[in-house]
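Open your viewer and get ready to select pieces by chain and residue number.

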Amino acid sequence: MEIPGFGTYRGASFSELLQVDHPQLTIDWSRLGNVESLGVPHGTTVLAFQYSDGVLVAGDRLATEGHRVASRDIQKVYATDDHSMIAIAGAAGPAIEMARIMRVELEHYEKIEGQALELDGKANKLAQMIRANLPAAMQGLVVVPLFAGYDLRRKQGRIWKFDVTGGRYEEADFEATGSGGLYARESLKKSHRSSVSREEALDIAVSALTDAADEDRATGGIDMQRGIFPTVICCSEPGIEQAGEDELRRVYEAVLARRSSGGSSS
Amino acid sequence: MSMPFYVSPEQVMADKAEYARKGIGRGKSSITLEFDGGIAVMAENQSTLSKIGEIYDRIAFAGVGKFSEFDQLRKIGVRYADMRGYQYSRDDVRGRALANAYSQAIGDVFTRELKPLEVEVIVAEVGDPELVGHEQSEIYRVLFDGSISDHRGFCVIGGSEEELTGYLQTNYQTDLPLGEALRLGRTALQRAAEGQTAVPPENLEVCLLEKARVGRKFRRLSTDELREHLGA
């Protein structure tokens, strides 16, 4: 029986519901020219790696518009539910929107079906959303997030990276992306081990972001003057937990002290 | 040319109402009641198919009657709420608006279609002390013909609704602790279960909207948790 006044979509996906019943809320990118010339803010460096309890995801807070600072304190790492998170890099507007839709998508599926998606299913869904964004990417609005979470079935943290065509690649240890991603990855390559404790993991994350900010002008380091700290979220079996500012300040001071006393890269 | 038989509109409506009432009356009841920490929704339900569901942060749904029909209404409610929350903000998703939308839709089917929906639904919204104008909990009931009513304290739908409402009117008190509220709800449901002395916890479906929770306040109680709360 058709119940009147509520649209026609009958599935469990929120992004499909948007497209089918509320197309006025979506944009047909294929009809637009290159949007990048408008100068939209871009997010810079995000990273993710495994540690002993699960997975850690971190991102700096700077958004740039060409050579200028667009925002000093945007958020690039978002919890998508109790056991997964998304870290965005690329055009900030569509990327933040994608993170938001992803969050609604997971909750929506869980409520409609009465059961949450498996972590694999979540990563797959995100890959489809990135592929659907391809027309926008062709106009210059590239969104390539990292997705990470704790797999309650396998009892381990997992990390995925994506390409603009929706290619989905699982990473065993660590990954970083964005303008400073290369430097963050170099830093992680030297310092990272999957067996580290949460405390050491915070140190590794802050060191990698500091290295990225050191080499890439578009990446924001830790801004002690304004009190702006990176977003660092740990995800383990009990759920997600964001590192506090006091803790990050302490870790950062330790990293600085080690470096200024003649220590090398980490 | 043969003339169709004339049937008065009153007769058509009365027939449809009777048909719907019969369908709903065959099923079991569901009780929604406020306790000191939020709202509890209870239903006697032996199957794994849920009669109670989460709609949004502070909103729960309960249905009685034909499963396929009220479950469709539940899903519609989730779509409606998630869409609202996405377009505006999470605080803009309100139970009253959803109950009104249900009322319109169910009423529309009742007048237009040959077969009315054989359902009664509850939309319960737990109050939030920090949300101005929405500190109080609200319970809305929508009948098979689209008529809508709001309730304070408790509300019963389906099955032996009148008897249970009478029982709760004499026994319900405001600000009951959770355990007592659940025991009261179970005792009420037992009155509806003919010949059965006690409804075992595994035959009860119980969901809570807890004021103290942050964000999504809906929680489904497991049989073990329920047993603990009932003290049985």
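An axis here is a line fitted to C-alpha atoms, for helices over the stretch in contact. Keep in mind that this model is predicted.

**Stop 1: two crossing helices.** Select residues 198-215 of chain A, which form helix α6. Angles of 65 to 115 degrees count as roughly perpendicular, so α6(A) and α7(A) are roughly perpendicular to each other. The crossing of α6(A) past α7(A) is right-handed.

**Stop 2: the residues between them.** Show side chains. From α6(A), pick A:Leu202, A:Asp203, A:Val206, A:Ser207 and A:Thr210. From α7(A), pick A:Glu247, A:Leu248, A:Val251, A:Tyr252, A:Ala254 and A:Val255. Now color this contact by class: 7 residues are nonpolar, 2 are polar and 2 are charged.

**Stop 3: where the chains meet.** How many residues does the contact take from chain A and from chain B? Chain A gives 13 and chain B gives 17. On the chain A side, α1 (14-21) and α2 (92-113) are the elements that give two or more residues. α2(A) gives the most, with 4 residues. By class, the chain A side that touches chain B has 8 nonpolar, 4 polar and 1 charged residues.

**Stop 4: along α2.** Select α2(A) from end to end. This helix has 22 residues. From first C-alpha to last, α2(A) reaches 31 Å, close to the 32 Å expected at 1.5 Å a residue. Finish just after α2(A), at A:Gly114, which takes a positive phi of about 75°.

Notes
Residues are numbered from 1 along each chain as its sequence is written. Chains are lettered from A and ligands numbered from 1 in the order in which they are written. This is a predicted model: local features need pLDDT of at least 70, side-chain atom pairs count only at pLDDT 80 or more; totals for chains, interfaces and linings use all residues. Axes are lines fitted to C-alpha atoms, for helices over the stretch in contact, and angles run from 0 to 180 degrees between N-to-C directions. Angles under 35 degrees count as roughly parallel, over 145 as roughly antiparallel, 65 to 115 as roughly perpendicular and the rest as oblique. A crossing is left-handed if the near helix is turned anticlockwise from the far one by less than a right angle, and right-handed if clockwise. Two residues are in contact if their C-beta atoms, placed from the backbone, lie within 7 Å. Ala, Val, Leu, Ile, Met, Phe, Trp, Tyr, Cys and Pro count as nonpolar, Asp, Glu, Lys and Arg as charged, and the others, Gly among them, as polar. The expected span of a helix is 1.5 Å times one less than its number of residues.
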